[in-house]
Amino acid sequence: MKDFTIVGGGLVGALQSVFLAQRGFNVHLFERRPDLRTADIYQGRSINLAVSNRAWKALRKVGAEETIRQIAIPMYKRTMHDTKGNLSFQPYGKEGEAIYSVSRGELNKTLLQIADTYENTNMHFNARCTDVDLDNKKISFVNDETEEKSTQSYQYLIGTDGAFSAVRHRLMFNDRFTYSQTYIEHGYKELHIEPNEDGSHKMDPNTLHIWPREDFMLIALPNIDGSFTCTLFFPWEGKVSFQSIKTEPEIISFFQVYFPDIIPYIPDFVDQYLNHPNSSLATFRCYPWHYKDSVVLMGDAAHGVVPFYGQGMNAGFEDCFVFDQMLDEYANRFEYFFEAFGKSRKPNADAVAELALRNFIEMRDLTGDPAFLLQKKIEGWFYQKHPDKWVPLYSMVTFSDFSYEYALQKGDYQNAIMAQVMKIPDLANKWDSKEVEEKILHLLSAT
Ligand SMILES: Cc1cc2nc3c(=O)[nH]c(=O)nc-3n(C[C@H](O)[C@H](O)[C@H](O)COP(=O)(O)OP(=O)(O)OC[C@H]3O[C@@H](n4cnc5c(N)ncnc54)[C@H](O)[C@@H]3O)c2cc1C
């Protein structure tokens, strides 16, 4: 009987516990924080994330999809707010396709709850990993509340302890372990829109709201309690930045100029801006993800990405799905399994990291650009007519099973074709014409 020790009971660690417990393995889950099923670690704040196909697929495999769907709000399109409060729309995919806003805390709690129903799972909270003795297969913990220290032996260790992983930190001392951590010039701040008095949402809840402002943006995702969680992605430094907007008059004038239509929805926006923390954003890359046949990294510990494609957790859940799939393949040669797993996932992790960085430019700048919106409209139209010949990049990443690596390459190829199409004179008036269709078909057959 295999024994898995999982460090980090966040989204990926909790799901991975369920996958392993369902296979009958012994699972020992260690989480730094208190048990979020009983402790209010989010201090009443709703923080959400967008769930799409890859996460649903993994949740479905462990039988958790329906439970999570009940706490998920479908968002069928992007709604762009300009500085005058005018709205424009961009569907995410085909009719009926949506990404889903889910509370991070509820999702995590539900997965821990499911994992806890298995007798072969043991959970330990207030257990922060401080060190790993790789050769003697021992792991050390401290309880940050009592300062009590402990050491455990492990057979197999999975590091799902997030972007600042302690397990990965230990692997960094190994020869030829490659690691990089690259911060972007923007950070983020969360703001909250409370529900109406009757509990309803103040804006359309079935859409992801974006206020694209070229070098920065605000987004809002709905919560099931009628509130919205907004995130301001903002440069740390520069003319309009966290550094330059600090005082009450500066904050008021900033919101009046850039986000006037949100002011009535967040009457205390000055207090929220002043009191909510600013957080940084980075891409984390490392390789190899394993140590011999005893330690492996998954989720953000292996590949932390910036959040602009809404794929960090989706990619982590896909790790769990693929891990489970590959377990069968490697059942009789388990000693090669962790290495093979990392090798198969790494190109996809690199691709999603690249896609996420690029999507920031698309969201903050291009979603306000008529030429970009026209291009997306043409791609969506051509996709409906020829789904066997063209799948828009966003759909490949969000609604399909194509690997991230394939999506990135195919997306670049399609973009080069669209650059030619966008040169057609008077395109805005004939974007859905036979001429445009034939041009794309011709370019596809010629390349
Ligand atoms: C602003 C923002 C928005 C995002 N939006 C989306 C989105 O819309 N869609 C999406 O798919 N992804 C999104 N993401 C990414 C997503 O949050 C992460 O990819 C996901 O949380 C990764 O899960 P994880 O379990 O690997 O890591 P985490 O969720 O970070 O969990 C790690 C766990 O390990 C624990 N831990 C840490 N150190 C130790 C230690 N030393 N010992 C024991 N335990 C430890 C932590 O307490 C935590 O519980 C977003 C991220 C950000 C920052």
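Two or more residues of the shell around the ligand come from each of α1 (11–22), β3 (48–51), β9 (128–133), α8 (300–303) and α9 (312–329). Helices (H or I, at least four residues) and strands (E, at least two) are DSSP runs, numbered from the N terminus. This is a predicted model, where local features need pLDDT of at least 70, side-chain atom pairs count only at pLDDT 80 or more, and totals for chains, interfaces and linings use all residues. Residue numbers start from 1 along each chain as its sequence is written.

With four residues, α9 gives the largest share of that shell. There are 31 residues around the ligand, and Gly8, Gly10, Gly162, Gly299 and Gly312 come nearest; a residue is near if its C-beta atom, placed from the backbone, lies within 6 Å.

Next, the domains. An automatic or database assignment gives domain 1 (3–70 + 102–181 + 281–359), domain 2 (183–280) and domain 3 (369–446). The centres of domain 1 and domain 3, taken over C-alpha atoms, are 36 Å apart. Their contact (C-beta atoms, placed from the backbone, within 7 Å) takes ten residues from domain 1 and nine residues from domain 3. On the domain 1 side, helix α10 (residues 337–364) gives the most, six residues.

Last, strand β2 (residues 26–30). Strands pair if DSSP finds at least two bridges between them. β2 pairs with strand β1 (residues 3–7) in the parallel sense over five bridges, with Phe4 opposite Val27. Strand β8 (residues 121–124) also runs parallel to β2, joined by four bridges, and there Phe30 has His124 as its bridge partner.

Note on methods: Two residues are in contact if their C-beta atoms, placed from the backbone, lie within 7 Å.
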